[in-house]
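Please read the numbered points with the model open.

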Amino acid sequence: MSGRAQLMWDEAVTGYDFGPEHPMDPVRLALTRSLVSAFGLDRDVDVVAAKPAGESTLRLVHREDYIEAVKAASENPGAADGAYGIGTLDDPAFAGMHEVSAMIAGQSVGAAEAVWHGDALHAVNFAGGLHHAMPGGASGFCIYNDASLAIARLLELGAERVAYVDVDVHHGDGVQAAFWEDPRVLTISLHEHPRTLFPQTGWAEETGADSAEGSAVNVALPAGTGDAGWLRAFHAVVPELLADFRPQVLVTQHGADTHFEDPLAHLAVSLDAQRAVQVACHELAHSYADGRWVALGGGGYAVVDVVPRSWTHLVGIAAGRELAPESVIPESWRQEVFARTRQLGPMRMTDGRWPVSWAEWEAGYDPADRLDQAVLATRRAVFPLRGLLA
């Protein structure tokens, strides 16, 4: 197995563009890619452009009629069929939509193949993580569910246990739905509570179909949760479940929209805590999945201040060259930021909260604390189904 990580990248992914008024500005992808280069991380990864996902691959998750609807809208955006979630405010149709969505999906599938075949130990597709797309419809800025497709491809290749950990601020509903009845896939999502955020799913009681009880795990965090609570919840749930499940591959989704600057949600997490969870996922992959790690991007709408820094940390961690939080951002990148956006870029790779700390669950919990109530609800709903103590 190659010890080098792969960075999945094709410039064409920046064509995933819902228009100038849409919050999912593809500049976040371009700026991340250039920040990775500005720090010289290209020397530590193999940059690979995988082929787009073909129709047989897309059909591993998506219905044929939906794929045909996407292709039709891609050719004629004005005729998009809203019954498939296309042509809506969240998911406007645009020319070439099918092709670029298939390209993003192909990068995640290629990452999964590389890790499974041993061509790379870790693979990152920060353009991916489009976790809301359903088998028969677009949702939440997501056309094709690349995360689900990567997992489905791993199963097709012979994987018997795949774990998916999603720390986007929004519930990973599309991935949960895709594998709701499949005990070979453990999906874990930490997200803002469905009472206060799209897609209004991801309750602790959602634990999988009768045929796969305990294979879906949801931690619904109170609005306003900050670094200490977010990290406490992650460490109170994820490591124990992975230790029990022993996945052959760990797939993680790192939406940066948990950040306190994100305009579309209500958590209060810092870049430094996001980095801490990325480090933890890397360590968990080595502890329980023989190091096999596929890391994806996701949401994130503070497209200058947050997303590029967060995902550049992710690439550095996967590459084995972690960037110190206090690292000064190269001036060349800040000049590019201004040229592209007329905004001033951040100065360092930290929000000034490193090192982050949290209270371990094993030290005890407060039944009156809303964060602890959320964690306890998840543990009580899922852990006994897996033969673990709640």
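1. A residue is called buried under 20% relative accessible area, exposed over 50%, and partly exposed in between, using a 1.4 Å probe and protein chains only. Helices (H or I, at least four residues) and strands (E, at least two) are DSSP runs numbered from the N terminus. The model is predicted: local features require pLDDT of at least 70 and side-chain atom pairs pLDDT 80 or more, while totals for chains, interfaces and linings use all residues. Residues are numbered from 1 along each chain as its sequence is written, and side-chain values use heavy atoms, leaving out hydrogens and water.

2. Helix α5 deserves attention for its burial. Of its 12 residues, 10 are buried, so that the helix is mostly covered. The buried set consists of D146, A147, S148, L149, A150, I151, A152, R153, L154 and L155. From first to last C-alpha α5 reaches 16 Å, close to the 16 Å expected at 1.5 Å a residue; the expected span is 1.5 Å times one less than the number of residues. Just after α5, G158 adopts a positive phi of about 120°.

3. Two residues other than glycine also have positive phi. F141, with phi of about 75°, is placed in the loop between β3 (122–125) and α5 (146–157). D290, with phi near 55°, is placed in the loop between α8 (271–288) and β8 (293–296). Is each of these side chains' residues buried or exposed? F141 is buried, at a relative accessible area of 10%, whereas D290 is exposed, at 61%.

4. One joins F198 and P199, with omega about 5°; P199 belongs to the loop between β5 (185–192) and β6 (216–221). Another runs from W354 to P355, with omega near -5°, and P355 lies in the loop between α10 (331–341) and α11 (370–382).

5. β3 and β8 run parallel and are joined by four bridges, with A123 opposite V294. β7 (residues 249–253) is likewise parallel to β8 and joined to it by four bridges, and here V251 stands opposite V294. The chain passes from β7 through α8 to β8 in a right-handed β-α-β crossover; right-handed means that, with the strands pointing away from the viewer, the path from the first strand over the helix to the second runs clockwise.

6. Which way do the side chains of β8 point? W293 and A295 point one way, V294 and L296 the other, and all are buried. In a regular strand the side chains alternate between the two faces of the sheet.

7. A nonpolar core is a set of buried Ala, Val, Leu, Ile, Met, Phe, Trp, Tyr and Cys residues joined through side-chain atoms within 4.5 Å. The largest such core has 129 residues, among which I86 and F234 touch the most other members. Contact means heavy atoms within 4.5 Å. Leaving aside residues up to four places away in sequence, F234 touches V165, V167, L190, P239, V277, A280, C281 and L284.

8. On annotation, an unreviewed UniProt entry lists residues 22–315 as "domain: Histone deacetylase". UniProt positions follow the numbering used here, feature names are shortened, and annotations may be inferred rather than shown by experiment. The span 22–315 is 38% helix and 12% strand, and its end C-alpha atoms lie 26 Å apart.

Notes
Pairing = 2+ DSSP bridges.
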